[in-house]
Amino acid sequence: MSEPEVFRLHERLKADTIGLGSTSLCEIRLMNDSTWPWVLLVPAVAGIREIYQLSADQQYQLVRESSALSEAMMDVFGGDKMNVAALGNMVPQLHLHHIVRFEGDPAWPGPVWGKQAPVAYSDEELEQVRSRLAPVLAELEAGV
């Protein structure tokens, strides 16, 4: 009898992001690129590559968490557009990007991928963004 698969965060996500907390379903990760407010939800379910592979309850929970995160990030950062995407071309593990976009940002109106090299957060910037996201994270962690 084989052991059940255990969830492990993909090495690339681990290297490119900063842990912010977790929900009942997902790990919450901040992309280490200060150019954009950019948060990922990574369902902590082993072996999942696509949303349809989640159970119906998990799909519903992911949409609820994603919607709450999107709305809160727009409130906190005052963007012009919220981009939500689950591309998975470079990292096959299911993860949803939530990126606040601003007219006139370095990639506007195109996608952010490959536009410029990531600009890592300084310790001070990281503390500021954590502080701004604290109410959002508390709500998500408490259960949307």
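# Questions about a predicted model

Colleague: Let's begin with arginine 29: in which strand does arginine 29 lie?
Modeller: Happy to start there, with the reminder that this is a predicted model. The element that holds arginine 29 is strand S2.

Colleague: Is arginine 29 buried or exposed?
Modeller: The relative accessible area of arginine 29 is 10%. Buried residues are those under 20%. Since 10% falls under that cut-off, arginine 29 counts as buried.

Colleague: Which side chain is joined to that of arginine 29 by a polar contact of 2.9 Å?
Modeller: Beyond four places in sequence, arginine 29 is in contact with a list of residues that includes Leu13, Lys14, Thr17, Trp38 and Val42. One of these also makes a side-chain polar contact with arginine 29, at 2.9 Å, and that partner is threonine 17.

Colleague: Good, on to the charged pairs. How many salt bridges does a search of the whole structure find?
Modeller: As background, side chains of opposite charge can pair when their charged atoms come close. Searching the whole structure for salt bridges gives a total of four.

Colleague: How far apart are the closest N and O atoms of glutamate 11 and lysine 14?
Modeller: Both residues belong to helix H1 (residues 11-16), three residues apart, or about one turn of the helix. Glutamate 11 is exposed, at 55% relative accessible area, whereas lysine 14 is partly exposed, at 43%. They form a salt bridge, and the closest N and O atoms are separated by 3.4 Å.

Colleague: What about arginine 101 and aspartate 105: are they buried or exposed?
Modeller: The side chains of these two residues meet in a salt bridge with an N to O distance of 2.8 Å. As for accessibility, arginine 101 and aspartate 105 are both buried.

Colleague: Let's turn to H2. How far does H2 reach from its first C-alpha to its last?
Modeller: Helix H2 covers residues 56-77. With 22 residues, H2 would be expected to span 32 Å at 1.5 Å a residue. The model comes close to this, with a reach of 31 Å.

Colleague: Which helix do the buried residues of H2 pack against?
Modeller: The buried residues of H2 include Leu62, Leu69, Met73 and Phe77. Their packing partners include strands S2, S3, S4 and S5. The helix among the partners is H3 (123-142).

Colleague: Is methionine 74 buried, partly exposed or exposed?
Modeller: Methionine 74 is found in helix H2, and it touches Gly79, Asp80, Lys81, Met82 and Val100, leaving out residues up to four places away in sequence. Its relative accessible area is 23%. Because buried residues are under 20% and exposed ones over 50%, methionine 74 is partly exposed.

Colleague: Which glycine follows H2?
Modeller: This residue has a positive phi, near 60 degrees. The glycine is glycine 78.

Colleague: Finally, which feature does UniProt place at residues 39-108?
Modeller: In the model this span is 31% helix and 23% strand, and its end C-alpha atoms lie 18 Å apart. The UniProt record, an unreviewed entry, gives the feature as "domain: HIT".

Conventions: Residues numbered from 1 in each chain as written. Predicted model: local features only at pLDDT ≥ 70, side-chain atom pairs only at ≥ 80, totals over all residues. Heavy atoms only, no water. Helix = DSSP H or I, 4+ residues; strand = E, 2+ residues; numbered from the N terminus. Buried < 20%, exposed > 50% of the residue type's maximum accessible area, 1.4 Å probe, protein only. Contact = heavy atoms within 4.5 Å. Expected span 1.5 Å × (residues − 1). UniProt positions renumbered as here; feature names shortened; annotations may be inferred. Polar contact = N/O pair within 3.5 Å; in protein donor to acceptor, adjacent residues only side chain to side chain.
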